[in-house]
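Please keep the sequence and the structure in view while reading.

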Amino acid sequence: MSNAKLETRFVNEIEGKFLVPSYQRGYRWNENEVTRLLDDVYNLLNFNSGKNPLNGSKNYCLQPIVVKKLDDNFFEVIDGQQRLTTLFLIYKYIFSKGQCDEPKFILEYQTRITSADFLQNIESNLSDKNNYIDFYFMANAYTAIKNWFEMKKDSRKVARYFDTLFADNVKIIWYEVDDTEDGNAMFTRLNIGKIPLTSAELVKAMFLSSNRMNGRKQDEIALQWDNIEKELHNESFWYFLTNNLAKNYQTRIDLVLDLKSEKILGNREKYFTFFYFDELSKEKDLNEVWREIVQTFLTLKDWYENHNLYHKIGYLIASRYKNLSEVFKESQGKTKRQFFCKLDDFIKSSVALRNDDSYLNWTYEKDREKIQRLLLLFNVESVRQNGEMSQWFPFDKFKFSTDGS
């Protein structure tokens with residue numbers, strides 16, 4: 001069985017020794033990337049809470065740190081070196097202001113041995129920044145951190161806030177791969193191949209790396225996962241469910257997982273869905289969590305294969321009157337008859353011409369969206385009423401023709 005591990009940890013729970021292997025380039029974050037991370041953390045504070053902005057502060061998730069365990073508390077860094085180094089530098093600044101202890105972790109370099117000492121003693125080594133390229137970027141990042149804090153009204157207090165936020169609000173995704181994994185090969189997949197980890201891949205890893213289910217069940221989940229992904233590659237199925245271009249999804253099962261997690265359209269939290277399932281797995285048996293995911297997919301498939309549901313739901317989504325999440329939410333806790341009635345109500349409301357004489361004065365320039373929606377409904381309903389044996393309305397072709405793809 002795999003001994004991989006996937007979990008979330010608060011930043012202050014990162015500890016041990018981290019080896020940056022020779023196949024990775026050195027630290028290369030610039031001032032913009034460093035200050036963006038600082039701004040993201042600072043914006044978690046709630047300055048409307050009175051005297052203490054830590055009260056009611058929000059939570060935040062950093063992108064994954066992917067490691068391979070080499071020994072007790074000793075890890076090879078496969079992905080996340082830039083984030084890990086920046087966190088170390090922030091801790092070093094906060095420590096210099098007497099607002100936290102020394103970082104609980106250190107970084108070592110397989111081929112750039114002097115970089116570890118420079119980083120560990122960054123404050124006193126700033127004048128040596130031009131000796132090596134690694135020194136240059138590390139020193140610039142530390143200077144950017146220092147300048148950012150010193151521009152705040154009370155930099156010492158803000159530094160103390162950061163130490164608390166790192167302990168109570170800011171998490172990282174800790175992905176410890178199987179010790180048989182080839183770190184170099186995985187690094188290439190994640191970086192050279194430009195394939196960042198998605199929420200879906202992390203959710204899948206959560207199931208397949210857990211010791212809470214046996215190997216046979218994990219194999220079953222892996223097979224079902226692949227089958228769901230394959231079915232969602234049916235363009236007719238996909239564009240019935242969403243107006244979003246498939247090319248915007250690295251894995252199409254993300255659509256199902258986002259739906260189950262109730263991720264709001266436009267939510268920029270990249271790993272929102274993973275965190276939802278990570279928290280859910282702490283409350284429920286993993287087998288039950290997986291059954292819920294499969295049931296969500298089967299519900300969508302049932303809609304797709306039902307002639308009436310296909311056309312009614314397909315119209316609501318294609319017309320942008322409702323999205324998949326809104327339709328799915330309405331289906332919960334309702335009988336099939338109640339759900340059909342609700343869909344009919346939505347469709348009537350989407351055009352709402354009764355007792356409205358203004359439609360007689362519509363113009364294409366001013367009322368284009370209403371006219372397009374009405375014409376789409378006419379076409380979809382004409383196909384639907386021809387009967388189940390007739391051609392079903394091709395939402396995929398309609399969407400391609402209207403979005404110019």
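Glu123 is partly exposed, its relative accessible area being 37%. In this predicted model, Glu123 is joined by a salt bridge to Lys146, and the closest N and O atoms of the two residues are 3.3 Å apart. This pair links distant parts of the chain, since Glu123 belongs to helix α4 (residues 122–125) while Lys146 belongs to helix α5 (residues 133–150), and the two residues are 23 residues apart. Lys146 is likewise partly exposed, with a relative accessible area of 24%.

Is Lys217 buried or exposed? Lys217 has a relative accessible area of 17%, and because buried means under 20%, Lys217 counts as buried. The side chain of Lys217 meets that of Glu220 in a salt bridge with an N to O distance of 3.3 Å, and Glu220, at 38% relative accessibility, is partly exposed. Both residues lie in helix α9 (residues 215–232), where they are three residues apart, or about one turn of the helix.

## A bridge within a network

In helix α12 (residues 272–283), Glu279 and Lys282 are three residues apart, about one turn of the helix, and they form a salt bridge whose closest N and O atoms are 3.2 Å apart. Glu279 is partly exposed, with a relative accessible area of 34%, whereas Lys282 is exposed, with a relative accessible area of 53%. Through salt bridges that share partners, Glu279 and Lys282 are joined with Lys171 and Asp278 into one network.

## The overall count

The structure holds 19 salt bridges, among them the bridge between Lys146 and Glu123.

Technical notes:
Residues numbered from 1 in each chain as written. Predicted model: local features only at pLDDT ≥ 70, side-chain atom pairs only at ≥ 80, totals over all residues. Heavy atoms only, no water. Salt bridge = Lys/Arg side-chain N within 4 Å of Asp/Glu carboxyl O. Helix = DSSP H or I, 4+ residues; strand = E, 2+ residues; numbered from the N terminus. Buried < 20%, exposed > 50% of the residue type's maximum accessible area, 1.4 Å probe, protein only.
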